[in-house]
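Here is my note for your first read-through. Please keep the model open beside the text.

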Amino acid sequence: MAKDEKDYVKLPGRAFFLFGAKRLWQGPDHLLWVESLMGQEHYRRFYYKDIQAVVLQRTKTHHYWSALWAIPVLLFGIAVLLSATTPYVSGFLTLFFLACLALNLILGPACVVYLQTAVQMQLVPLGRLKTAQRVMDKLRERIELEQGRLDVSAGPARPAGADPPPGALHAIRPERDPGPAAKVTGAAEPLNPIFHILLFSLLIAAGICRILQYGAGWIALGFLDLLFIAAGLGLAAVALVRGYHQIKGRWLGHSTWTALIFFILHGMTIYIHYIIVALRYPDLAMNQWGMLRKFVEVLMSDHPATMGIQLGSAAVSLILGLTGFLALRRK
Amino acid sequence: MAACSACGRLLCSLCEIKLDDDTLCIHCLHSGREKRKISSLENKRTLFDTLALNLAFWPMLFVFPTLITAPAALFITLRYWKSQGSLLPRSRFRFVLAFLLAACQVGGWCFYFTRFLD
């Protein structure tokens, strides 16, 4: 009774999230939504005979991504122009963010796509208009095979003599999903933003701290930076866990996830840096405090690579903190 | 009246359940779901090949955890080589890659300890 695996055909488009991805596959009689997370796959099936509508709505998300990539291009581009020596790190970062900006422009306008059935309005992981239109064309063929061709000229079927209910054409507009907790209790718990406020404040403070490290040269700022990373990891995790259902799918949720990813990546960079310092100064292996002090001194040095990474992470930290506060205002 | 495709029990029109061109009784449907014999009802699968590859690859960045994760990756590869994978078309190259990476790591540690003991 098991279905042949080769019956499934990959559809264009994929949405990424932390440690996972979502993708659509076309089966013989249903659409298969696959969420891959770490070592597991979760499936949802939408049978073609059950699909009532596919709704495509354009959004401004690609403008926000363009702004996000354009700001570092501008900052690092200015650093390249003002640099007295050959700007390897700034130049590389400028080209990297320029490539990201170009890719965003090539991918084109963003959209959200919903699948409407009799019991749900499901957001589908197709973020770009071009991809969504290709997928909708393929789906239309299969749905028409199951349900027959839609006669647009006939209009919607209604009982004889019945007037369409007021606002019927707006019924397709999806309500924002409050999350499974709200479905069970009947009301969404209000979000307590204290951890988000602390997280975004810490991001801004960490960004300022890193910039001041090079201005003032105080080694205490280097130790403070390490504490900020540790605290940031914890705060981001707590903020995500405590308010997960309230922020899922919203701008605030994306900002919090991005902050967590940033702290993880920055933490890994710091750890790799520490290993390099430990290998360079083996005589300090028995003196943990001396090793830590030497590590912070190297982290605050004028080496182009180190300086580039620290200032780059300061810029990202400030941007994330500010966008987080904007997202908090929009919640 | 119809017969269950799995157990042959005769079913009335109220009791029969049609699924994937088959007719099933409620017991066979429940049993098929519990024992994961009906792929149409499965909504989750564990990907042991991805798990083994993650165990073999990511700890390499931190070096020391590979002492534990490399043998774990080898065990998962050998234990679950023939297990049910994804519902989707998928080859076994992740298992092969995980095995090769983990084997190199284990070999590296054996060489290191042998040299250290000498």
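1. Start with a term. A residue is buried when its relative accessible area is under 20%, exposed when it is over 50%, and partly exposed in between (1.4 Å probe, protein chains only). Thr66(B) has a relative accessible area of 5%, so Thr66(B) is buried.

2. A word on the source. The model is predicted: local features need pLDDT of at least 70, side-chain atom pairs count only at pLDDT 80 or more, and totals for chains, interfaces and linings use all residues. Residues are numbered from 1 along each chain as its sequence is written, chains are lettered from A and ligands numbered from 1 in the order in which they are written, and side-chain values use heavy atoms, leaving out hydrogens and water.

3. Stay with Thr66(B). This residue lies in helix α3 (residues 66-79) of chain B. Helices are DSSP runs of H or I with at least four residues, strands are runs of E with at least two, and both are numbered from the N terminus. The side chain of Thr66(B) comes to 2.5 Å from the backbone oxygen of Val63(B). Contact means heavy atoms within 4.5 Å. Neighbours within four places in sequence aside, Thr66(B) contacts Pro59(B), Met60(B), Pro71(B), Gln105(B) and Trp109(B).

4. Buried or partly exposed: which is Thr46(B)? Thr46(B) is partly exposed, at a relative accessible area of 27%. Thr46(B) sits in strand β5 (residues 44-46) of chain B. Leave out residues up to four places away in sequence, and Thr46(B) touches Gly39(A), Gln40(A) and Gln84(B). Ser86(B) is 40 residues from Thr46(B) in sequence, yet their C-alpha atoms are 7.6 Å apart.

5. Now chain A as a whole. Chain A has ten helices and seven strands. Of its 331 residues, 37% are buried. Among contacts in chain A with a separation of 6 or more, 62% join residues 24 or more positions apart.

6. Next, helix packing. Two packed helices are described by the angle between their axes and the distance between the axes. Axes are lines fitted to C-alpha atoms, for helices over the stretch in contact, and angles between N-to-C directions run from 0 to 180 degrees. Under 35 degrees is roughly parallel, over 145 roughly antiparallel, 65 to 115 roughly perpendicular, and the rest oblique.

7. Take helix α1 (residues 61-82) of chain A. The axes of α1(A) and helix α2 (residues 88-107) of chain A come within 8 Å and cross at roughly 160°. The two helices are therefore roughly antiparallel. Their crossing is left-handed (the near helix is turned anticlockwise from the far one by less than a right angle; clockwise is right-handed). Trp65(A) and Phe76(A) are among the α1(A) residues in this contact, and Phe97(A) and Leu101(A) are among those of α2(A). The contact residues divide into 14 nonpolar, seven polar and no charged. Here Ala, Val, Leu, Ile, Met, Phe, Trp, Tyr, Cys and Pro are nonpolar, Asp, Glu, Lys and Arg are charged, and the others, Gly among them, are polar.

8. How does α1(A) pass α10(A)? The crossing is right-handed. Their axes come within 11 Å, at roughly 150°. That makes α1(A) roughly antiparallel to α10(A). This contact has seven nonpolar residues, one polar and one charged.

9. Finally, helix α5 (residues 194-216) and helix α10 (residues 304-330), both of chain A, pack at about 150° with axes 8 Å apart. They are therefore roughly antiparallel. The contact residues of α5(A) with α10(A) are 16 nonpolar, ten polar and one charged.

Notes: A polar contact is a pair of N or O atoms within 3.5 Å; within protein, one must be able to donate a hydrogen and the other to accept it, and residues adjacent in sequence count only if both atoms are side-chain atoms.
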